[in-house]
Amino acid sequence: MPAERKGHVDDIMRCVRLGLLETQYFMEKVKVHKYVENNESCKPIVIDTLRFLWDLEMIGQRRDVVETPFLATPRIPYSILFTIGGWSGGSPTNLMETYDTKADRWIRIEEVDPAGPRAYHKLAVLGFDIYVIGGFDGNDYFNSCRCFNAVTKQWRDIAPMHSKRCALSFT
């Protein structure tokens with residue numbers, strides 16, 4: 001029944017990543033849909049989405065950070081560039097960032113490697129697993145290897161290499 005469906009539209013909209021839609025599509029198809037347009041419970045969702053889409057379009061003109069709300073967070077990473085660790089401010093770091101291609105910006109990831117900072121290491125990707133191999137913490141070289149799963153956002157140790165290495169290369 002259409003009347004029953006209209007009563008659940010806000011619940012459904014809260015589950016959809018509306019911030020990942022193109023602005024024009026959101027404006028022409030979602031915002032003006034007959035179940036959404038005059039639905040009081042949908043108005044806050046529409047306002048939040050419009051605010052985020054506007055921020056996204058204006059990001060090139062702004063210097064402050066625009067937080068990525070739930071409505072724009074991808075469910076599963078599919079084409080994302082990760083940075084893990086490296087050298088920053090004169091010392092190794094364990095910071096993680098991803099590059100958001102739609103917004104043309106970097107997003108800091110909270111799940112830093114609990115094993116600590118690491119520089120001059122190598123990353124390799126197999127499926128959703130990102131392997132961090134070798135490296136240097138400013139004092140010691142590593143033979144340790146770690147694995148970060150981009151979906152579960154969990155770190156785990158994997159078998160160490162036989163030799164300590166940093167500044168690795170793959171061919």
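The model is predicted: local features need pLDDT of at least 70, side-chain atom pairs count only at pLDDT 80 or more, and totals for chains, interfaces and linings use all residues. Residues are numbered from 1 along each chain as its sequence is written, and side-chain values use heavy atoms, leaving out hydrogens and water.

**Overall fold**
- The chain holds 4 helices and 7 strands. Both are DSSP runs numbered from the N terminus: helices are H or I with at least four residues, strands are E with at least two.
- From the N terminus on, the order is α-α-α-α-β-β-β-β-β-β-β.
- Of the 171 residues in the chain, 34% are buried. Buried means under 20% relative accessible area, exposed over 50%, and partly exposed in between, with a 1.4 Å probe and protein chains only.

**Strand pairing**
- Strands S1 (residues 81–88) and S2 (residues 91–100) run antiparallel, joined by 7 bridges. Two strands pair if DSSP finds at least two bridges between them.
- S1 and S2 form a hairpin with 2 residues between them. Gly 89, in the turn, has a positive phi of about 60°.
- Phe 82 has Thr 98 in S2 as its bridge partner.
- S2 also runs antiparallel to S3 (residues 105–109), with 5 bridges. Here Glu 97 stands opposite Arg 108 in S3.

**Aromatic rings**
- There are 5 aromatic pairs. Rings of Phe, Tyr and Trp (its six-membered ring) pair if their centres lie within 6.5 Å; planes under 30 degrees apart count as stacked, over 60 as edge-to-face and the rest as tilted.
- The ring centres of Phe 148 and Trp 155 are 5.1 Å apart and the planes are at 45°, so this pair is tilted.
- Phe 148 and Trp 155 are both buried.
- Arg 118 lies over the face of Phe 142, 4.5 Å from the ring centre. The rule asks for NZ of Lys or CZ of Arg within 6 Å of the ring centre and within 35 degrees of the ring normal.

**Cavity**
- A search of the whole structure finds 1 cavity of 30 Å³ or more. On a 1 Å grid over the protein atoms alone, a cavity is a set of points where a 1.4 Å probe fits but cannot get out; lining residues have an atom within 4 Å of a point.
- The largest cavity holds about 40 Å³ of space. Grid points are joined across faces, edges and corners, and the volume is the space filled by probe spheres set on the points.
- Its lining includes Ile 84, Asn 94, Asp 113, Arg 118 and His 121.

Notes. 1 Å grid on protein atoms, 1.4 Å probe; cavity = no way out; pocket = protein on both sides within 12 Å on 5 of 7 lines; lining within 4 Å.
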